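Here is a guided walk through a two-part view of sequence and fold. Keep the viewer open and follow along.

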Amino acid sequence: MLFNESVIIALKALYSNKLRSILTMLGIIIGVGAVIAMVSIGMGVRKKVQDSISSLGSNMLIVQAGAPRVNGVRQAAGSGENLKLDDSDAIKKKIKNIDYVAPSVQKAYQVVNGNQNWNTTVYGITYEYMSIRSLTVNSGSFISDNDINTRTRVAVIGATVASNLFGSTNPVGKNIRINNDPYKIIGVLDNKGQSAMGQDQDDCVLIPITTAMERLMALTSIRTINVQVSSADKIDQVQAEIETLLRQRHRIKNPADDDFQVNNLTSIMETMTSTTTMITLLLGSIAAISLVVGGIGIMNIMMVSVTERTREIGIRKALGATFNNIMMQFLIESIVVSVLGGLVGIIIGCASAMAIAQFGGFNTVITLEPILLSFFFSVGIGLFFGIYPARKAAKLDPIEALRYE
Amino acid sequence: MTIRLEGIKKIYQIGTQEVAALNGINLNIKKGEFAALMGPSGSGKSTLMNILGCLDRPTVGSYKLDGKEVAHLSDDDLAKTRNKKIGFVFQNFNLLSRISALDNVALPLVYAGIGRKERMERAYHYLKAVGLDTRADHQPNELSGGQRQRVAIARALVNDPSIIMADEPTGNLDTKSTKEIMNIFIDLHEQGKTIILVTHEPEIATCASRQLLVRDGVITRDAGKGEKMDVV
């Protein structure tokens, strides 16, 4: 018997029992639809988590000047003088998969406004520092490339510094004195609060790195280069490239002699990886459960259908249907149910994911993988749960089946 | 010789006891014969009919259908034999209720692997032969008992089988329909078809050219047309 004959017989049988067929399909529709909707919500959550973790700096590499050895005594990390601004430029130019490179120097100073004074850390930075630390300016503007080129004495101050030196008045346009030199305040940062380590992130003064190195701190070297890598999976590669590049530039042959160190935020990365894996696992199990329940629904109905149609099976067998003919007929029936259910489920799943995004205020991300996966899974379920009832039908004895009332 | 049975026995195991439903049947049926198979219930008549119809296998013995041994074929080979060589007419019609009369007639051809177009042509031809071409699109439940049985006869004929097995074909019919159906069988016999008719009604059996009486698993009488047999 031809394959498409079996399909026609199956479709006719399903059509002649419309309500039952639809109810059976409903199990698969809900299963597939739920999987797609859930996974799209999960993907949305995952993306949101990823975004917020990467705003903490998960994709960040920190290049620090090394700790030199002076008469056998190791100095503090970052106190080496071999890391130059040129190194930062070289990293920016030569290494791919990098979003931002932000060199910086820092030192503690007493900052003075009139009769008010405050001890804080002064950072010499470039424009990229704002992006890399996710800083936003509350009022005024941020340090521009022009400020860096012309080594102007301008400063952007954190909220803590502003309130301690200026109280409630707006400090933008006013001057502060650092190391007795006047600096014009061009902007105040938004409140960022405490860092995870308990450090007040608003207690800072930012000035152009060139101004800091040449006019304030009298440095020829920089202390830190923050590098933001474009994606988390490129971190190791970029780290290796930076190390090779800096060794080349500093003429270092043996990695043990490095006069710099490159650190990454592995612990945050690991947290992120395990979090997203957990989300995926959770969704995977929901997918499995709901689809298996749908599949059992198919099996249940197919069992009933086989019993109910015992006589039909007997007639078909008497007229010459073989084991395979009957097997095929019932198997195709259950596959058709699951395929149709799967297709409708995909439509409903995508629609509800969009509706959730629209009205639920949730980010949803619809991807192809869960759609294909749940579809083929539902077809597989139709096949798997169809086999037992179909075998049962195909094995019926025609004499018994014909006698069945 | 269309049918040749030799030493057919069918033994059922009931608990520890063996019960012989058929106890050594020897029977030859020639091509074109119209044989009525009679016997009281429990005589083994149905078992013999099942074996003749290739629905069942004998425990021992030989069954040659058109010269080919079919007594111990596999299930699938039996199914194929039924499809090609045997046309069934049942007491309760056994039509599929959800498909049209035409599709019912064409059903054996589906399993014979014949294309849709030819199926429909052949089915229509046989439906016309039993006078139901105007009812081709009707479902069985829209037809009378006599009409249903005629659809079933068309279905039995559609694959041009070697024998037609009719199991109490008039058992569920009124007198008028019974007459119609029996006339069709008589016509078929005149056309040279081999027919085996199972019945317990002596009047029906008289239509046949040969009457066989089964009792206690053996054929006790084998008579020609016209002789009335006492079933009980």
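Buried means under 20% relative accessible area, exposed over 50%, and partly exposed in between, with a 1.4 Å probe and protein chains only. Helices (H or I, at least four residues) and strands (E, at least two) are DSSP runs, numbered from the N terminus. The model is predicted, so to speak of local features pLDDT must be at least 70, side-chain atom pairs count only at pLDDT 80 or more, and totals for chains, interfaces and linings use all residues. Residues are numbered from 1 along each chain as its sequence is written, chains are lettered from A and ligands numbered from 1 in the order in which they are written, and side-chain values use heavy atoms, with hydrogens and water left out.

Start with helix H2 of chain B, residues 75-85. Its buried residues are Leu78(B), Ala79(B), Thr81(B), Arg82(B) and Asn83(B). What covers them? The cover includes helix H10 (310-318) and helix H13 (398-403) of chain A. From chain B it includes E4, E6 and helix H3 (101-111). Contact here means heavy atoms within 4.5 Å.

Move on to H3(B). It is mostly covered: 11 of its 11 residues are buried. Among them are Asp103(B), Asn104(B), Pro108(B) and Tyr111(B). These buried residues pack against helix H1 (3-15), H10 and H11 of chain A. On the chain B side they pack against H2, helix H4 (116-129) and H5. Just after H3(B), Gly113(B) takes a positive phi of about 75 degrees.

Next come the sheets. Strands of a sheet pair through backbone hydrogen bonds, either parallel or antiparallel. Two strands count as paired if DSSP finds at least two bridges between them. In chain B, 6 strands form an open sheet in the order E6-E7-E8-E3-E9-E10, with mixed pairing. Strand E6 (86-89) and strand E10 (218-224) of chain B are its edges, each pairing on one side only. Neighbouring strands of this sheet are turned by 20 degrees against each other on average, direction ignored. Axes are lines fitted to C-alpha atoms, for helices over the stretch in contact, and angles run from 0 to 180 degrees between N-to-C directions.

E6(B) and E7(B) pair in the parallel sense over 4 bridges. Ile86(B) stands opposite Ile163(B) in E7(B). Ile86(B) and Phe88(B) point one way from E6(B), Gly87(B) and Val89(B) the other way, and all are buried. Helix H5 (residues 145-157) of chain B lies across E6 and strand E7 (163-167), running at about 170 degrees to E6(B).

Strand E1 (residues 3-14) of chain B is joined to E2(B) by 10 bridges. Tyr12(B) stands opposite Val19(B) in E2(B).

Now the cores. A nonpolar core is a set of buried Ala, Val, Leu, Ile, Met, Phe, Trp, Tyr and Cys residues joined through side-chain atoms within 4.5 Å. The largest has 73 residues, and those with the most contacts inside it are Ile3(B), Leu5(B), Leu52(B) and Tyr63(B). Helix H11 (residues 323-359) of chain A gives the most to this core, with 9 residues. A second, separate core of 60 residues includes Ile125(A), Val154(A), Ala155(A) and Val188(A). Leu5(B) touches residues including Ile25(B), Leu48(B), Leu52(B) and Tyr63(B), not counting residues up to four places away in sequence.

Finish with chain A. Its domain assignment, automatic or from a database, gives domain 1 (3-52 + 272-403) and domain 2 (60-264). The C-alpha centres of these two domains lie 58 Å apart.
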